[in-house]
Amino acid sequence: MKNLTLIKMAVAALFFYSCGSGNNEETTSSSAPDTAPEVPESIAEGKGIGEIEEVNLEEELDEDMVKMGKAIYDMKCSACHKLTDQRVVGPGFQGVTNRRKPEWIMNMITNVDVMLDEDPAARAMLEECLTRMPNQNVSVGDARNILEFFRNNDVEKTGNKDQANS
Amino acid sequence: MILNKNALLRLMPVLLIGMVACNNKDSSQLIHGDAAQQAYVPPGEYDEFYAFLSGGYSGQITVYGLPSGRLFKEIPVFSQYPENGYGYSEETKNMFNTSYGFVPWDDSHHIELSQQNGEFDGRWLFVNGNNTPRIARVDLTTFETVEILEIPDVAGLHCSPFITENSEYLVSGTRFSVPIPQEDVPIDTYKENFKGLINYVSLDQEHGHMDLAFQIEMPGFNYDLARNGKAVSHGWSFLTTYNSEQAHSLLEVNASQMDKDLMAIVNWKKAEEYLAAGKFTERETSYYHNLMDEGSGIVNSEERTTTKILDPKECPDMVYFIPVPKSPHGCDIDPTGEYIVGNGKLSADMSVYSFSQIMQAIEEENFDGEFDGIPIINYEAGLHGIVQKPGLGPLHTEFDGRGNAYTTFFISSEVVKWDVESKEILDRQSTFYSPGHLVIPGGETRKPNGKYLVAMNKITKDRFLPTGPEMMHSAQLFDISGEKMKLILDFPTKAEPHYAQAIEAEKLMSNSKKFYPIEDNTHPYATMGEGRSRVEREGDEVHVYMTAMRSHLAPDNIEGIKVGDKVFFHLTNLEQDWDVPHGFAMQGATNAELLVMPGQTRTLLWEPKKPGVFAFYCTDFCSALHQEMSGYARVSAEGSNVPLKWGLNEELRENQEAANSFYEQAKTRASK
């Protein structure tokens, strides 16, 4: 619990910093030693950065969660992300659970502003897509439902899921 | 502003000369060394107070920060606002319905923030429309106008909407007396046929909804300003009147004949008893109540047809009068609720009344006759004392919570600080020029925050760079924390602020809404996800269910519209992020644009007049690809058989069923 609080504070500090300094990369890196001392462990582990530290997945999909996840996707995500591998505004979701750890996916959904500033993989995608993913104010619970929907989509599209979760 | 500037200028040429001489004082001599620092709010930091200023003839409200004087927002209230489509969109145009029809302008005067226990609670803001009598409510979580109630059978609702200390009622009075009910009579039958009304609008404590509880039929005077009692005087209302002469022409002379006019004093708890006892008459009338539904943002408009009238002749001990010096304007009550200041515009002195003395005079029936059956309390019996020669043309008074009152003087162009108990004058500072109202944060409540005072001036002249014949009005910020008032800032204000109220920023900030949760959107034409975007035809009505997300509109290609159709663009903003509205403009639309907040649905009507292909686009720079956020609508001739089609990204779809199952199709296509 203490750790979580500390991490949250660090996240808050980072967010505050990045918010205050805009998107100027040079400024960020030159003054980084003062405010963001080192790459957080979670980023190094490919889990991204944010509230989600550990996600335990059951092998079997929860159909109710898949349904709820789809409803949120339809309303808040589908304008920019297709369920295929086609990129429109943002990347297509096909195979996302085979590429990214569940913690990374959920942090990207719930903590997008910090992810886009601090996580190298998220930043690389921003450079590719050139549109900042908006904060859609998705709760942690809803993000978990969306993750379940992604896993279902990956099984349907690729026959596989959770391949990045090892 | 009731006070006719020209009239005063003509009536008091000698005084005017004095005033001009006074105004020519070099204000830079009044500035102290650290003034700039006091008004300076560094970049990225917040002001300590929100100040809500009425807009006068703009009909709107503006929101400023104090002490910086920075303008944060203009809230559209009584006037259509093409900038965001307020009053033009299908959802909001009902806000302007009145018994006179659609009235898209008014004159907003007095701001009243909701209170609990005599303190601002930061829930709602109320403001009056003068010309077509009505009262609006602004929700302080969204800073949006959500309700307008018309007040029947009154004219010029200047004396409005003064709130009681637990937000039980908004009290108002007619500025112009008129025949009730309206009828075709000679104007010179004023004395027999013209009446005034004092109105009590009750507030639903949970939602703030307004309801006309009752009206009191009064003599045909001009009811000017009011305040409600607080603490010891809670349960009573005080209203200044002018024109007790009952003149109906050249009022600037004929309504200023008598040495004293009358202040009306209403025991509204007594009125409630009479109402409960059924001592009212119900009269047929017509007035409108327009209320925005929270979930859909749609304004529902309803005509109401009856009103309950209480007659003071039938209801003893409910209404009294007390004389006030010549042509009074402001009527202000100190934080203890004991002292009531009546400012006679044309009087050299100011009368301060004592609530406990007034109560005693009523108890002892110390009356000097009556008017239309309403007892007139003996002036001296109710008088706490007179502030001798404080200045010229006293208008309004606010309080600092430390026993001091601050009064604006229009003619001598100054703010005067005086001690309420001793009536001694403590300080005077010039303003530039001719102040109307003044505001101290919480300055009319039980708990003023006596740090700053803003004087809202009526005349600007040389204060700012010239901008042609019309100048913005000027406001002046004073630091009043010390013994002497210190001028620290000038700032221009929009249109003509009359009254304003200011509140600690922390009381509003934490409740401020950042977006509308899309899950709570109950608009019948909302599009809950881009996959459900579609176009439907119902006769000659075409409904476009459109979504906006950085950086595209869906659908963005529409065909099959015909000349003569009514095309309704129902735009749902799917964003759920703070400060990301999307705009919508349609070439050839004869109304305005839409500005749609995240999670909201708004509708623009377009009636294309000729065949062709017309562009629409997002008007709010929303992202790096904002310029790409656009689309085309194809219009065919009347009777053409071009089929209805719509789409995005070359995926044209032709019927509603297909649109509804868009998601399933996408899934199928993807799995192939």
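Let's start inside chain B: once neighbours within four places in sequence are set aside, B:Ala51 is in contact with B:Tyr64, B:Leu66, B:Val439, B:Val454, B:Ala500 and B:Ala502. This is a predicted model, so keep that in mind throughout.

Which residues touch the most other members of the largest nonpolar core? They are B:Ala51, B:Leu453 and B:Val454, in a core that counts 124 residues. B:Val454 also turns up among the contacts of B:Ala51 listed above. There's a second, separate core too, with 65 residues, and its members include A:Ile72 and A:Met106 from chain A along with B:Phe584 and B:Leu595 from chain B.

Now over to chain A.

| Chain A property | Value |
|---|---|
| Buried share of the 166 residues | 37% |
| Contacts joining residues at least 24 apart, among those at least 6 apart in sequence | 72% |
| Average pLDDT | 83 |
| Residues with pLDDT of at least 70 | 77% |

As for annotation, an unreviewed UniProt entry lists "domain: Cytochrome c" for residues 64-154 of chain A. In the model, that span is 65% helix and 0% strand, and its end C-alpha atoms lie 17 Å apart.

How values were computed:
Residues numbered from 1 in each chain as written. Chains lettered and ligands numbered in written order. Predicted model: local features only at pLDDT ≥ 70, side-chain atom pairs only at ≥ 80, totals over all residues. UniProt positions renumbered as here; feature names shortened; annotations may be inferred. Helix = DSSP H or I, 4+ residues; strand = E, 2+ residues; numbered from the N terminus. Core = buried A, V, L, I, M, F, W, Y, C linked by C-beta atoms within 7 Å. Buried ≥ 20, exposed ≤ 12 C-beta atoms within 10 Å, placed from the backbone. Contact = placed C-beta atoms within 7 Å. pLDDT = per-residue confidence, 0-100.
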